[in-house]
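Keep the structure open while reading.

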Amino acid sequence: MDELIKFSHLEQVLKEYGQAVEDMYRDRLKKDDKVASGELIGKLRFIYHHQGNKWEISLYLKDYWYYVEHGRNPGKFPPVDKILEWIDIKPILPYPDKNGKLPTPNQLAYLIGRKIATEGIEAGNQLQETLDELNDRYMLKIEYALTEDLDESVGIITRILV
């Protein structure tokens, strides 16, 4: 008898929660048009890990998720090479200037970078909104799962002692 208490209900709810966060976050990013290359939503994965009496759920995200979620304050210019990549992926179609001339990709990247440097980028908050929406619902499910696991364990312990 390795473990008196098996937390199978808790494990099931935690895995369900992780998958719900992944799915809802992905959907919010799509709905809010935060998809350029598709890498952020394509590489998004929840990871479940259990060792001993520790359960962990985390999200694997591309490193630029932080800027999608939290935005960027005005300040220095963002990397031009990243803006050029974004222009290619999205694609961004430039408007002609007052003389009817279209900016080159480098000029367009400079204009976008200047706007970001002066105005920043607004926070998206898709992940926080996802967590806010799911946490209340899943905290109750976690409480019920723990109760079920403990009730089952007490029943097993009682049968063993009798």
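## Confidence and ground rules

The chain has a mean pLDDT of 89, and 93% of its residues reach 70 or more. pLDDT is the predictor's confidence in each residue, from 0 to 100. Confidence is highest in helix α1, at a mean of 96, and lowest in helix α6 (residues 126-161), at 86. Where pLDDT is low, the predicted coordinates should not be read in detail.

This is a predicted model: local features need pLDDT of at least 70, side-chain atom pairs count only at pLDDT 80 or more, and totals for chains, interfaces and linings use all residues. Residues are numbered from 1 along each chain as its sequence is written, and side-chain values use heavy atoms, with hydrogens and water left out. Helices (H or I, at least four residues) and strands (E, at least two) are DSSP runs, numbered from the N terminus.

Start with glutamate 22, in helix α1 (residues 8-31). Glutamate 22 counts as buried because its relative accessibility is 7%. The cut-offs are these: buried means under 20% relative accessible area, exposed over 50%, and partly exposed in between (1.4 Å probe, protein chains only). A polar atom of the glutamate 22 side chain lies 3.0 Å from the backbone nitrogen of phenylalanine 46. Beyond residues up to four places away in sequence, glutamate 22 touches Leu44, Arg45 and Phe46. Contact here means heavy atoms within 4.5 Å.

Leucine 44 sits in the loop between α2 (39-43) and β1 (45-51). Its relative accessibility is 0%, so leucine 44 counts as buried. Neighbours within four places in sequence aside, leucine 44 is in contact with Glu22, Tyr25, Arg26, Leu59, Tyr60 and Leu61. Arginine 26 is 18 residues away from leucine 44 along the chain, and their C-alpha atoms are separated by 7.7 Å.

## Salt bridges within a helix

Side chains of opposite charge can pair when their charged atoms come close. How many salt bridges does a search of the whole structure find? The search finds eleven. The criterion is a side-chain nitrogen of Lys or Arg within 4 Å of a carboxyl oxygen of Asp or Glu.

Aspartate 23 is partly exposed at 35% relative accessibility, whereas arginine 26 is buried at 15%. Salt bridges link Glu22, Asp23 and Arg26 in a network.

Lysine 115 also pairs within a helix. Its partner is glutamate 119, with 3.3 Å between the closest N and O atoms. Both belong to helix α5 (residues 105-119), four residues apart, about one turn of the helix. Lysine 115 is partly exposed, with a relative accessible area of 49%. Glutamate 119 has 53% and counts as exposed.

Glutamate 133 and arginine 28 meet through their side chains in a salt bridge (2.4 Å, N to O). This pair links distant parts of the chain: glutamate 133 is in helix α6 and arginine 28 in helix α1, 105 residues apart. Are the two partners buried or exposed? Glutamate 133 is partly exposed, with a relative accessible area of 40%. Arginine 28 is buried, with 14%.

## A tyrosine patch

Tyr64, Tyr66 and Tyr67 form a nonpolar surface patch, with about 320 Å² of accessible area together. Patches are made of residues with over 30% relative accessible area and no salt bridge; like charges are joined within 9 Å, nonpolar side chains (Val, Leu, Ile, Met, Phe, Trp, Tyr) within 5 Å. Accessible areas come from the Shrake-Rupley method with a 1.4 Å probe, and for residues only the protein chains shown count as cover.

Tyrosine 64 lies in the loop between β2 (54-60) and α3 (65-70). Its 31% relative accessibility makes tyrosine 64 partly exposed.

## Positive phi outside glycine

Aspartate 33 is not a glycine, yet has a positive phi of about 55°. Aspartate 33 is in the loop between α1 and α2, and is exposed, with a relative accessible area of 52%.

Asparagine 125 also has a positive phi, near 60°. Its place is in the loop between α5 and α6. Asparagine 125 counts as partly exposed, at 32% relative accessibility.

Technical notes:
Polar contact = N/O pair within 3.5 Å; in protein donor to acceptor, adjacent residues only side chain to side chain.
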